[in-house]
Amino acid sequence: ATASSIPGGVNQDSGHPVLEREPIFRVFSVASIVALCFSVTALVFFLAILTSRCEQRDFKRSLPRKLLIGLSSLFTSISAILVSFCAGHFFVLQDQVHRGAFPIYAVACLPITFFAFAQLPLYFDLLWSIIRKVPVRSYKVYYH
C-alpha cells in the first residue's frame, strides 16, 4: 500500500509529494523501499529452499546459508515495515498529540520482538553451522 499511496498526497500542479521537504518523509520513503527489497529477497530465498534438491551435501552449507539469508531478510523487512508504518502515521498525528502514539508503536513491535527472540537459537545455530567445520560421518561399526 505504501508504494501506491503517499502521505500528504501529491501536488496537482507539479506531481511531486506535498510533504517531500519533511525529513520524516525521507524516512518513510527509504523504509518503504528497504521493506520491499528485503521482503522480495526473503521470499526468493524461502522459495529456493522449497525448490532445492535436498541432497545430503546441500544440508552442509547451501540450505543453512539460504535459511540464514532468508531469516535475516525477513527480520529486516519486518523492521523496515514497522518504521515505514510509524513514519506514515507521524504525518497523520503531526498536529495532534503524537507522543501518545509511541506506546502504541511499542506494542505493535512486540510480536516481531517475541518472534525474533524465539528464532534466535535457530539463527545462532545456523551461523555456527556455517562457521564450524562439521566432521564427516564415519560408517565404521564399533563392537564393544
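Start with the whole chain: of the contacts in the protein (heavy atoms within 4.5 Å) between residues at least 6 apart in sequence, 67% join residues at least 24 apart. This is a predicted model, in which local features need pLDDT of at least 70 and side-chain atom pairs count only at pLDDT 80 or more, while totals for chains, interfaces and linings use all residues. Residues are numbered from 1 along each chain as its sequence is written, and side-chain values use heavy atoms, with hydrogens and water left out.

Colour next by secondary structure, which comes to three helices and zero strands in the order α-α-α; helices are DSSP runs of H or I with at least four residues, strands are E runs of at least two, and both are numbered from the N terminus.

Now select helix H1, residues 23-50. Its 28 residues reach 41 Å from first C-alpha to last, close to the 40 Å expected at 1.5 Å a residue, where the expected span is 1.5 Å times one less than the number of residues.

Within H1, show the side chains of Phe 25, Phe 28, Ala 31, Ser 32, Ala 35 and Ala 42, which are buried (under 20% relative accessible area; exposed is over 50% and partly exposed in between, with a 1.4 Å probe and protein chains only). Across the protein, buried residues make up 24% of the 144 residues.

Finally, select Val 44, also in H1, which counts as partly exposed because its relative accessibility is 47%.
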